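Please keep the sequence and the model at hand while reading.

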Amino acid sequence: MSPPLNMPPVDLVLSTGTTLQTELAARDVLDGRRKGLRALLPFAGPAIIASVGYMDPGNFVTNIQGRLHLRLRVAVGRAGGELVAMLFQAMSAKLGIVTGRNLAELCREQLPRPIVIGMWIASEIAAMATDIAEFLGGALGVSLLFHVSLLCGLTVTGAVTFAILQLDKRGFRPLELVIGTFVGIIGLSCLCELVAAPPDWRAALFHTVVPELRDRSAVTLAVGIVGATIMPHTLYLHSGLTQNRTAARNNRERRGLLRFSNREVVVALGFAGLVNLAIVMMSSSVFGKLTPGYHRSCVAYHMLIPALGSAQQAFFWSH
C-alpha cells in the first residue's frame, strides 16, 4: 500500500539535521514504544564521531613511544586518560542536551570578552596543529598503502575529506555511518595485529591498573599520552552534535536522552581506549628493544614488516 500523498518522505532532512525516520524512531523510544537494543540506535552517533579524535596519528605516536620508553607500564596512563576523556565527553554531551546550546556559544555568552578572544585564538591554533597531524597522517597512509607519492596522498586525502563532509547535507546519519565504518575498520585491523603479534597479556593486564613511573621521563610521557587523548575540539564538537539532535519536551525526556548519551559515550570511547591499548601492546610485541629514534613513523613503519607482513603494517599505519 502506498503512503498518502500528503505524507512527507521518511528520508526528509529536518532543520536539526536529522531525518524524519530517525526523529520518529527517537520519539518512539522516549514515549516507551521502542525498547531493547533497538532503542539505542536512534541516539547513536555523536560519541562515535567524537571517538575518532582519540584514534589519530598523534595518539599512535605517543603509544609507540610509550612502549619504547616504558614497556607496558605506560598502559595505565592510557587507561586513565580514556576514563577522564569519557567524563569530559559525557559532560559536553550533557551540556548540549540540557541547554540546547553548544560549548562555544555558552563560553561566548558567559565569559568576559578578553577571555573569549583568548580561547578563540588558542582553539584556532590547536585546530591547525591537530589538522596538520591528521592530514599528514592520512596522506602518509595513502602513500604507504598504494605506493604513491606523498603529494598524491595529500591530494587524495583532501578530496576524500571534502567528499565525506558533503554527506552532512543529507543529515547527520550518512556521515555517522561512514565514520562508524572507519572506526570499525580500525578496530578490526588492531585485532588482526594482536593476533599476528600477541603481546604479554599478563603484563598488559597488570600495568593497565598498576602504575609504574620510575623517572621524570616517564611522567613527561604519561602527560603526553593524556594530552594526546583529551583535546579541546572534541569537547566543542560533542556539545554541538547533541544540542539539536532530538529536542526534549520535558525533564523526563531530558533524563532519557542523557542516559542514552552516557551509554554511547562509554561504548564508543571505551572502544577507542581498547584500540589505543592495542597499539601499546602491539608495539610492545613488535618493536622489542629498539634504539632511540625508532619511535619515528618512517622507521617504525618498516620495523612492522618482519612481524606483521607488508599488508598488515601498511594497514596499521593507514589509520
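Helix α8 has 25 residues and reaches 36 Å from its first C-alpha to its last, close to the 36 Å expected at 1.5 Å a residue, where the expected span is 1.5 Å times one less than the number of residues in the helix. Helices here are DSSP runs of H or I with at least four residues, strands are runs of E with at least two, and both are numbered from the N terminus. Among the residues of α8 that are buried are Phe172, Leu175, Ile179, Val183, Ile186 and Cys190, and the charged residues Arg173, Glu176 and Glu193 are buried in this helix as well. Buried means under 20% relative accessible area, exposed means over 50%, and partly exposed covers what lies in between, with a 1.4 Å probe and protein chains only.

Helix α6, with 34 residues, reaches 49 Å from its first C-alpha to its last, close to the 50 Å expected at 1.5 Å a residue. Its buried residues are Thr130, Gly137, Ala139, Gly141, Val142, Ser143 and Leu144. After α6 comes His147, whose phi is positive, near 55 degrees, although His147 is not a glycine. This residue lies in the loop between α6 and α7 (150-165), and with a relative accessibility of 70% it counts as exposed.

## Basis of the model and overall make-up

This is a predicted model, in which local features need pLDDT of at least 70 and side-chain atom pairs count only at pLDDT 80 or more, while totals for chains, interfaces and linings use all residues. Residues are numbered from 1 along each chain as its sequence is written, and side-chain values use heavy atoms, with hydrogens and water left out.

The secondary structure comes to 14 helices and zero strands. Of the 319 residues of the protein, 42% count as buried. Contact means heavy atoms within 4.5 Å, and of the contacts with a separation of 6 or more, 75% are accounted for by residues 24 or more positions apart.

## Nonpolar cores

A nonpolar core is a set of buried Ala, Val, Leu, Ile, Met, Phe, Trp, Tyr and Cys residues joined through side-chain atoms within 4.5 Å. The largest such core has 25 residues, and those with the most contacts inside it are Met55, Cys190, Val265 and Leu269. The elements that give two or more residues to this core are α2 (46-51), α4 (75-99), α8 (172-196) and α12 (251-287), and the largest share, ten residues, comes from α12. A second, separate core has nine residues, including Val29, Ile97, Leu258 and Phe260.

## Salt bridges and a buried serine

With a salt bridge taken as a side-chain nitrogen of Lys or Arg within 4 Å of a carboxyl oxygen of Asp or Glu, the count comes to ten. In one of them the side chains of Arg252 and Glu253 meet at 4.0 Å, N to O; Arg252 is partly exposed at 43% relative accessibility, whereas Glu253 is buried, with a relative accessible area of 1%. Salt bridges that share partners join Arg27, Asp28, Asp31, Arg33, Arg249, Arg252 and Glu253 into one network. The side chains of Asp31 and Arg33 meet at 3.4 Å, N to O, with Asp31 partly exposed at 34% relative accessible area and Arg33 exposed at 57%.

The side chains of Glu109 and Arg101 also meet in a salt bridge, at 2.3 Å, N to O; Glu109 is partly exposed at 41% relative accessible area, and Arg101 is partly exposed at 29%. Arg101 is also one of the contacts of Ser239, which, leaving aside its neighbours within four places in sequence, is in contact with Ser92, Gly96, Arg101, Asn102 and Leu103. Ser239 has its place in helix α11 (residues 232-242) and is buried, with a relative accessible area of 0%.

## Surface

The protein exposes about 17100 Å², of which carbon and sulfur atoms supply 68%; accessible areas come from the Shrake-Rupley method with a 1.4 Å probe, and for residues only the protein chains shown count as cover.

Ile117, Trp120, Ile121, Ile125 and Met128 form a nonpolar patch on the surface, with about 510 Å² of accessible area together. Patches are made of residues with over 30% relative accessible area and no salt bridge, where like charges are joined within 9 Å and nonpolar side chains (Val, Leu, Ile, Met, Phe, Trp, Tyr) within 5 Å.
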